[in-house]
Amino acid sequence: MSVNMSSVLSLSSHFHGRILPSLLSIPSRLRPPALRLLRSTPTGLSLSLHNSERRSSGSSPSPAPKMVKAIRVSELGGPEVLKWEDVEVGEPKEGEIRVRNKAIGVNFIDAYYRKGVYAKETPFTPGMEAVGVVTAVGPGLTDRQVGDVVAYAGNPMGSYSEEQVLPACVVVPIPPSIDHKIAASIMLKGMTAYVLLRRCYKVEAGHTVLIHAAAGGVGSLLCQWANALGATVIGTVSTEEKAAQAAEDGCHHVIVYTKEDFVARVDEVTSGNGVNVVYDSVGKDTFQGSLSCLRSRGFMVSFGQSSGRPDPVPLSDLASKSLFLTRPSLMHYTATRDELLAAAGEVFDNVAAGILRVRVNHIYPLSDAARAHADLEARKTSGSIVLIP
């Protein structure tokens, strides 16, 4: 087959002289896909590769987002608002690490955020305590490595997740001798007990203390620790079964408040003198009675409100016995790295010495967090609750 070269040259000249300029006058983003590769050069027609084509011939593309499962709260309410969903977990930035959670502690504060007692913009992932394995380290970090076992408690919220990104400064190393479930259940509760007993009011031998919810996660640790410090420990519980546990944990006098008036019983036990300090995590139902149990210059430490927010307290209510009232937050006592390490270190030391025995009495799959919350609020649990991803 013969080719008429003069016709070909004429067609090429017509294309480059009239058609191509018309095509190139169309903005690139509006051209059909097949024409987006066209660009003009001093010598005629050429191809222009998109970024994606250039990447395929050179550098690696950005990694696809990693998806994991987590509990999410999109609306405030009861345990039923805890939903098992897919979430994206990013790469750690400078000063951050990514952690695959192995065990997650459940605390009443998680329910407070879920219900809106404490403000948090939705949607969010609850959870303030976990133990996990480092899976990625952000730029510039030299004191964290992939494979490290670490724990954290407090901010940032979000431990009800298979994996999460955390600031490296909030995690602490876990001693190899401590089981993951034990560590996950004692970080927040144990450091809370440390703050209550050693920082808010320094309990010493000879003191008398009143601990509400003595069979609960924090209450159990408070009883053991206060007993070891030489204090006389009075605890309140809701059932005979929990009374037996509280006694085993070091309570010298256990009051089943559903059967007897705890104020009258404390007055009897102390021969009318009252207690040095009350640790009250119940709130509305016990608050006024707790104030009545204090001796002159006694300390009222309110650190929870499982029965609801206490009524406002006039200052005059404190004046009659020169009482002290505080509402501590763990995060204010572990604000610096040194404070955090000191608190965690003392907790782990007490666990290793056998002073603190941790009861992980309830283990749920992470996907079943709603049932864990329902059981917690119905007072069906004692000791600690742990979620396993």
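**Figure 1. Arginine 265, at 23% relative accessibility, counts as partly exposed and meets glutamate 268 in a salt bridge.** The model shown here and in the other figures is predicted. The side chains of arginine 265 and glutamate 268 come to 3.4 Å, taken from N to O. Both residues belong to helix α7, which spans residues 262–269, and their spacing of 3 residues corresponds to about one helical turn. An α-helix has 3.6 residues a turn, so residues three or four places apart point the same way. Glutamate 268 is exposed, its relative accessible area being 56%, because the cut-off for that class is over 50%.

**Figure 2. Salt bridges that share partners form a network of Lys66, Glu91, Arg98 and Glu163.** Across the whole structure, a search returns 17 salt bridges. One of the pairs consists of glutamate 163 and lysine 66, whose side chains meet at 2.9 Å, N to O. This pair connects distant parts of the chain, since glutamate 163 lies in strand β8 (residues 163–167) and lysine 66 in strand β3 (residues 66–73), 97 residues apart. Is glutamate 163 buried or exposed? With a relative accessibility of 6%, glutamate 163 counts as buried. Lysine 66 is partly exposed, at a relative accessible area of 34%.

**Figure 3. A salt bridge joins aspartate 86 to lysine 69.** The closest N and O atoms of the two residues are 3.4 Å apart. Aspartate 86 is part of strand β4 (residues 82–89), while lysine 69 is part of strand β3, so the pair ties together parts separated by 17 residues in sequence. Lysine 69 has a relative accessibility of 26% and therefore counts as partly exposed. Side chains of opposite charge can pair when their charged atoms come close.

**Figure 4. The structure holds 6 aromatic pairs.** In the pair formed by phenylalanine 108 and tyrosine 112, the ring centres are 5.9 Å apart and the planes meet at 35°, so this pair is tilted. Helix α3 (residues 108–115) contains both residues, placed 4 residues apart, or about one turn of the helix. Phenylalanine 108 counts as partly exposed, with 26% relative accessibility. Tyrosine 112, at 5%, counts as buried. Ring pairs also extend the arrangement, linking Phe108, Tyr112, Tyr113 and Tyr118 into a cluster.

**Figure 5. Phenylalanine 108, partly exposed at 26% relative accessibility, is seen here with a second aromatic pair, tyrosine 194 and tryptophan 225.** The ring centres of tyrosine 194 and tryptophan 225 lie 6.4 Å apart, and their planes are at 35°, so this pair is tilted. Tyrosine 194 belongs to helix α4 (residues 180–200) and tryptophan 225 to helix α5 (residues 217–228), so the pair ties together parts 31 residues apart in sequence. Tyrosine 194 and tryptophan 225 are both buried.

**Figure 6. Helix α6 (residues 240–248) has Lys242, Ala243, Gln245 and Ala246 buried.** Because these residues cover an arc of only 165° around the axis, they sit on the same side of α6. What do the buried residues of α6 pack against? Their packing partners are α5, β11 (232–237), β12 (253–256) and β16 (360–365). On the face turned away from the buried side, α6 carries the exposed residues Glu241 and Glu248. After α6 comes glycine 250, which has a positive phi, near 115°.

**Figure 7. Strands β11 and β12 run parallel and are joined by 4 bridges.** Valine 237 stands opposite valine 256, a residue of β12. Together with α6, the two strands make up a right-handed β-α-β unit.

**Figure 8. Glutamate 377 lies in helix α12 (residues 369–377).** Its relative accessible area is 28%, so glutamate 377 is partly exposed. Which residues does glutamate 377 contact, leaving aside its neighbours within four places in sequence? The contacts of glutamate 377 are Pro79, Phe108, Ala111, Arg114 and Lys115. Serine 307 is 70 residues from glutamate 377 along the chain, and the C-alpha atoms of these two residues are separated by 9.3 Å.

Note on methods: Residues are numbered from 1 along each chain as its sequence is written. This is a predicted model: local features need pLDDT of at least 70, side-chain atom pairs count only at pLDDT 80 or more; totals for chains, interfaces and linings use all residues. Side-chain values use heavy atoms; hydrogens and water are left out. Rings of Phe, Tyr and Trp (its six-membered ring) pair if their centres lie within 6.5 Å; planes under 30 degrees apart count as stacked, over 60 as edge-to-face and the rest as tilted. Buried means under 20% relative accessible area, exposed over 50%, partly exposed in between (1.4 Å probe, protein chains only). A salt bridge is a side-chain nitrogen of Lys or Arg within 4 Å of a carboxyl oxygen of Asp or Glu. The arc is that of the directions from the helix axis to the C-beta atoms. Contact means heavy atoms within 4.5 Å. Two strands pair if DSSP finds at least two bridges between them. A crossover is right-handed if, with the strands pointing away from the viewer, the path from the first strand over the helix to the second runs clockwise.
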